[in-house]
Each structure stands twice: as structure tokens, then as C-alpha cells.
Amino acid sequence: MCYNFVTLEQTIMKKNLPLIVGLALPFVFILLIAVVVYLPNVFIKPQHDFLYTMADRNNYNYNTVYKNTYAIENGGLVQRPVELPKLNENDTRVIIDAPKLYRYNVKDSTNKEISFTEAQSLKIDVGPSSPDGYIVAYRYNHNGVFELFGSNGNNSGYFISKGKGGKKLIGLDSAGYYYENNFTLLGWIK
């Protein structure tokens with residue numbers, strides 16, 4: 001009697017095998033895409049925060065001029081005066097002391113505005129890459145595999161990477177399409 005049950009079960013499996021494969025295939029495909037897209041980001045673990053400036057979007061126009069800029073000398077941050085162009089009486093330029101300074105924490109994916117005094121106390125490596133080999137770069141329409149399905153292209157922004165792939169840096173995407181040049185990476189914090 002048990003023998004008949006096994007034979008009946010095998011017969012049902014043979015008849016329904018195309019149906020089972022047809023139902024399972026989309027799940028396998030979704031799982032495979034998830035692995036291809038998300039697995040590389042699991043291994044992106046930079047160890048060094050970085051210091052950067054980003055011009056205030058409200059002040060980012062042709063009339064904004066900074067009196068000072070920043071440079072890294074002997075592993076520390078210094079401020080350098082900028083020679084301002086000659087102003088005439090009809091000039092409407094906005095003069096700002098210096099761009100704002102930010103520290104990006106790579107472990108929590110957060111950024112925080114810091115003062116010039118705080119930034120001076122940090123030891124900084126100018127790079128261009130971090131001591132552990134990561135770089136920060138702006139990428140347009142980084143849509144991965146999902147671009148095949150008609151992505152909207154809103155995944156542009158700053159990414160941290162070591163070679164191909166990369167992890168999007170949260171909080172740096174406010175620069176926008178026309179404003180990516182207002183971000184300046186000053187160096188990597190040791």
C-alpha cells in the first residue's frame with residue numbers, strides 16, 4: 001500500500017514539475033538580483049572618516065565669494081586667504097568668510113558640521129584615497145541592474161568605493177545635479 005502512495009506522489013511531481021519550476025523561477029531570479037546588487041556593499045567597510053566642505057546651496061551662485069579657503073599642511077588644516085577681485089560700486093557679491101566644514105562618519109553614515117577649531121585638532125591625510133584605499137566620487141545615474149527595468153535615474157550622488165561598485169553616501173546627495181562641484185574633500189581623518 002505504501003508502494004502505491006510513492007508511485008502516485010512521483011506521478012504528481014512529474015506532471016506538475018513545469019508548474020513548480022515556473023512558480024519558483026521568479027523567486028530565484030529576484031534572489032539572484034538581490035545578491036548581485038547588495039552583496040558588494042556588504043564588503044564596503046571604510047575605516048577612516050573624512051573632512052569636507054560644501055558650499056551652502058542658498059549661497060551657491062556666481063555672486064558668492066569666500067575670503068578664505070582651506071588647505072592641509074603637515075597633516076593639519078590651515079586657512080588661507082583668497083585674493084578678492086576688485087569690487088566696484090554696483091557689485092552685488094556676497095562675501096562669506098569661508099565654506100562650512102563637515103566631518104563624515106563612515107561607520108554610521110552621518111555627517112556633522114564642525115568648527116574650524118575642531119577641524120584643526122584632527123590629523124588629516126590628503127589622499128587622494130584613504131589610508132585603507134577608498135575614494136569618494138560623484139556618479140551620475142548609478143542604477144545597477146535595475147536600469148533594465150526603466151529606472152528613474154534618481155540614484156546619482158556621492159559614493160565611497162574601492163574599485164568597482166560603491167556605497168552611496170547618505171547626506172551628501174543634497175548637492176543636486178547642477179551643484180556637485182560645491183563638494184570638496186579636504187582629507188581623510190587618521
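Trainee: Which residues do ring pairs link into a cluster?

Mentor: Rings of Phe, Tyr and Trp (its six-membered ring) pair if their centres lie within 6.5 Å; planes under 30 degrees apart count as stacked, over 60 as edge-to-face and the rest as tilted. Here the cluster joined by ring pairs consists of Phe50, Tyr52, Tyr102, Tyr104, Tyr138, Tyr158, Phe183 and Trp188. This is a predicted model, in which local features need pLDDT of at least 70, side-chain atom pairs count only at pLDDT 80 or more, and totals for chains, interfaces and linings use all residues. Residues are numbered from 1 along each chain as its sequence is written, and side-chain values use heavy atoms, with hydrogens and water left out.

Trainee: How many aromatic pairs does the structure hold?

Mentor: There are eight aromatic pairs. In one of them, Phe50 and Tyr52 have ring centres 5.8 Å apart and planes at 50°, so the pair is tilted. Tyr158 and Phe183 also form a tilted pair, because their planes are at 45°, with the ring centres 4.4 Å apart. Tyr158 belongs to strand 10 (residues 157-161) and Phe183 to strand 12 (residues 183-189), so this pair ties together parts that are 25 residues apart in sequence. Strands (E, at least two residues) and helices (H or I, at least four) are DSSP runs, numbered from the N terminus.

Trainee: Is Phe50 buried or exposed?

Mentor: Buried means under 20% relative accessible area, exposed over 50%, and partly exposed in between (1.4 Å probe, protein chains only). Phe50 has a relative accessible area of 0%, so Phe50 is buried. Tyr52 is buried at 1%, Tyr158 at 3% and Phe183 at 11%.

Trainee: Where is Ser130, and which residues is Ser130 in contact with, leaving aside its neighbours within four places in sequence?

Mentor: Contact means heavy atoms within 4.5 Å. Ser130 sits in the loop between strand 8 (124-125) and strand 9 (135-139). With neighbours within four places in sequence left aside, its contacts are His48 and Trp188. Ser130 is buried, with a relative accessible area of 4%.

Trainee: What is the mean pLDDT of the protein chain?

Mentor: pLDDT is the predictor's confidence in each residue, from 0 to 100. The protein chain averages 78, and 78% of the residues score at least 70. Among its elements, the mean pLDDT is lowest in helix 1 (residues 2-42), at 75, and highest in helix 2 (residues 116-120), at 94.
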